[in-house]
Each structure stands twice: as structure tokens, then as C-alpha cells.
Amino acid sequence: MDDCNKCDPCTGLCEIVPEMAGMFKALGDPNRLRIVHLLATDTTGTMGVSDLAEKLGISQPAASQHLRTLKSEGFVISRREGFRVYFSFNRDRLVQFQDYFDLMCSAVMDRCDRELVRKTTRQTALNACVVFYSYTGVTREVADRIRNACGCDLVEVKTVTEYSAFTAYTTGVLHSRRGICDPITPDEIDVSRYDLLVIGTPVWAWKPAPAINAAVRALKGCEGKRAVVFVTNRGQPGEALPLLEAALAARGVEVVAAVSLTKEDMATRKAENDLIERIVEAYPLPVEDGQNRKIGSTKAT
Ligand SMILES: Cc1cc2nc3c(=O)[nH]c(=O)nc-3n(C[C@H](O)[C@H](O)[C@H](O)COP(=O)(O)O)c2cc1C
């Protein structure tokens with residue numbers, strides 16, 4: 001879907017809204033939803049108007065009218081055999097509906113997350129910094145979503161020598177098991193101006209990836225700050241979170257929340273929403289001075 005250059009940012013939703021409205025209207029009736037269910041679960045392929053009318057307990061003209069509506073929105077397909085017309089369900093259209101719905105949900109959720117931040121902190125953006133490493137992109141995706149929700153800054157650390165699929169599972173795993181710090185860029189991360197740190201890493205061999213060990217060491221001005229940490233993994237986080245917490249504690253950072261996420265968690269967005277809530281909860285609220293001005297953290301979006 002192309003940007004329309006009218007919405008900022010364009011999610012592509014504007015283009016599909018009229019089509020979605022028609023789809024919702026077609027599906028927004030109990031009898032039509034029952035028809036969808038009957039046709040989707042029919043194994044005979046010989047459902048006609050009279051069969052559907054009988055199963056629903058409605059007249060044939062009423063069933064015909066419902067079928068026409070579903071057909072005009074592409075959910076139902078008909079085929080003629082002699083004098084009889086049979087109906088079947090168009091699965092592709094439902095898949096398209098789901099894609100549109102997912103797009104709508106993600107656009108709305110981003111806004112809701114923003115609203116959560118604004119309501120709780122009285123600010124539109126958090127003066128926070130997400131420091132993360134990502135090898136295959138999963139942790140980066142989480143970091144991007146945090147930024148979308150909280151309007152904070154991102155610092156992505158990279159290893160000076162990039163890992164290949166082979167070296168990640170050999171040298172990388174070995175470094176991770178030994179808690180080694182890989183050389184990274186940037187080699188210094190000044191976080192002195194932030195009110196909250198968020199540190200994210202993939203789990204490598206049940207421990208934090210070596211690049212994030214280096215990132216924790218590279219933090220400058222982190223003493224006395226609060227942090228939320230998250231790890232992404234395939235269901236076996238092992239000791240990654242406690243180790244990351246301990247490394248941060250050694251740098252004078254207080255970890256107030258620790259979250260483990262899998263790719264599956266992210267698909268449902270529930271775990272990610274929980275993470276955003278934890279970040280918002282962890283954020284120090286600005287204190288008011290005598291003249292009702294906020295002291296401390298404010299950041300323009
Ligand atoms: C070298 C290596 C070691 C890994 N070790 C583990 C592990 O011990 N436990 C686990 O659940 N997942 C493990 N994974 C999977 C990653 O933690 C998971 O896919 C993560 O979400 C990837 O994040 P990224 O895309 O930001 O790199 C490993 C992946 C790699 C490349």
C-alpha cells in the first residue's frame with residue numbers, strides 16, 4: 001500500500017476504509033454471519049438458497065437477500081448447475097478482511113499506546129532511551145514499537161565484526177556463555193539526559209547477547225537511573241534477565257521491571273502492551289513546583 005501523502009504518518013488505512021465499511025456491513029448481521037459459518041463449514045458444496053433458508057428458519061427471499069449482500073462484498077461465490085444455484089464461501093476474501101482488520105488494529109493500538117503514555121505521565125513523549133542489540137530484527141521490532149508508543153529515543157548497538165549464521169552459533173554463543181563484551185559501535189552511550197533507560201537484547205545460549213554486555217559497559221551517566229529490561233527469545237530465556245539486571249546494578253542502575261518476549265507473544269501484542277505499560281509505570285512522574293510548572297523531564301514530540 002502506498003503512502004497517500006495526506007495522513008501523517010500514513011498507515012494505508014485511509015485507502016481501505018470504504019472497502020472495510022462494506023465488509024463490516026455485510027458481516028454485521030446475525031443471519032449473514034450464520035450463512036458464513038454454514039457455508040464455511042459445508043463439505044458438500046451443494047448449498048442452495050432453500051437449504052440455507054431452512055437451516056436458518058427464514059424465508060427464501062430473506063435468505064436470497066442476505067446472500068446477495070454477502071456476494072456483493074465478495075464473501076460468497078455462486079455457481080449454476082442446470083436450474084440450481086449453489087453457494088460457497090470465499091476464503092480469500094476473509095483472509096483479506098483479516099489483513100485489513102490487523103492493519104486497523106495496529107494503527108489504532110499505536111495511538112492507544114500513545115494515549116496511555118499521555119494519560120499516565122501528562123507528557124506526549126517519554127524522556128527515555130531504548131538501548132538495544134538485534135541480530136535478526138525481532139528485538140529491533142520491539143524497540144521500534146516502544147518508540148512508536150512512547151516517543152523515546154533509540155540507540156541500536158552493532159558489533160564491530162558482524163556475526164555470520166555460523167559465527168553467531170560458535171563464537172557468539174561462546175562469548176555469551178562467558179559473559180564477554182563484544183566490541184560495538186557506538187563505543188560510548190551517553191544516557192545522562194534521560195529519565196528512564198530501556199535495555200533490550202536477544203537471548204543467546206540462555207544469556208544476554210555479548211553485544212549488550214558491551215552496551216551496558218559503554219553506558220555513560222547511567223548511575224542512579226531506573227531501567228526496564230526486556231529480552232526476546234524462542235521460549236528459553238534462561239538466566240538472561242537476572243544477568244542483565246545484575247550487570248546494570250553493577251553500573252548503578254536500578255532495574256524496576258524485566259520482561260521476556262517471544263515472537264509469538266508479539267503476534268498477539270498482549271505481551272508487548274504489558275511491556276509498554278511497565279515502561280510507563282516505571283517512568284518517574286515530573287514533580288510540580290510552586291507555580292504549577294513541571295520540573296525535570298519534558299520532551300517535545
Ligand atoms: C546464537 C543464538 C543463540 C540463541 N540462543 C537462544 C536461547 O538460548 N534461548 C532462546 O529461547 N532463544 C535463543 N535464540 C533465539 C533468539 O533469542 C530469538 O530468536 C530472538 O528473538 C532473536 O532476536 P533478534 O532478532 O533481535 O536477534 C538464539 C539465537 C541465536 C542467533
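1. First, some ground rules. This is a predicted model, where local features need pLDDT of at least 70, side-chain atom pairs count only at pLDDT 80 or more, and totals for chains, interfaces and linings use all residues. Residues are numbered from 1 along each chain as its sequence is written. The pLDDT is the predictor's confidence in each residue, from 0 to 100. Its mean for the protein is 89, and 88% of the residues reach 70 or more. Over residues 289-301, though, the pLDDT is below 50, and that stretch has 20 contacts in the model beyond near neighbours in sequence.

2. Helices (H or I, at least four residues) and strands (E, at least two) are DSSP runs, numbered from the N terminus.

3. Next, look at α3 (residues 49-56) and α4 (residues 60-72). Their axes, which are lines fitted to C-alpha atoms over the stretch in contact, come within 9 Å and cross at roughly 110 degrees; angles run from 0 to 180 degrees between N-to-C directions. The two helices are therefore roughly perpendicular to each other. (Under 35 degrees counts as roughly parallel, over 145 as roughly antiparallel, 65 to 115 as roughly perpendicular and the rest as oblique.) The contact residues (C-beta atoms, placed from the backbone, within 7 Å) include Leu 52 and Leu 56 of α3 and Ala 63 and Leu 67 of α4. By class, this contact has six nonpolar, three polar and no charged residues.

4. Compare α6 (residues 138-150) and α11 (residues 270-282), whose axes come within 11 Å and cross at roughly 55 degrees. That makes α6 oblique to α11. Among the residues in contact are Val 142 and Ile 146 of α6, with Ile 276 and Ile 279 of α11.

5. Finally, two backbone details. Most residues other than glycine have a negative phi, and most peptide bonds are trans. The bond from Thr 185 to Pro 186 is cis, with omega near -10 degrees. Ala 205 has a positive phi of about 50 degrees, and sits in the loop between β7 and β8.

How values were computed:
Two residues are in contact if their C-beta atoms, placed from the backbone, lie within 7 Å. Ala, Val, Leu, Ile, Met, Phe, Trp, Tyr, Cys and Pro count as nonpolar, Asp, Glu, Lys and Arg as charged, and the others, Gly among them, as polar.
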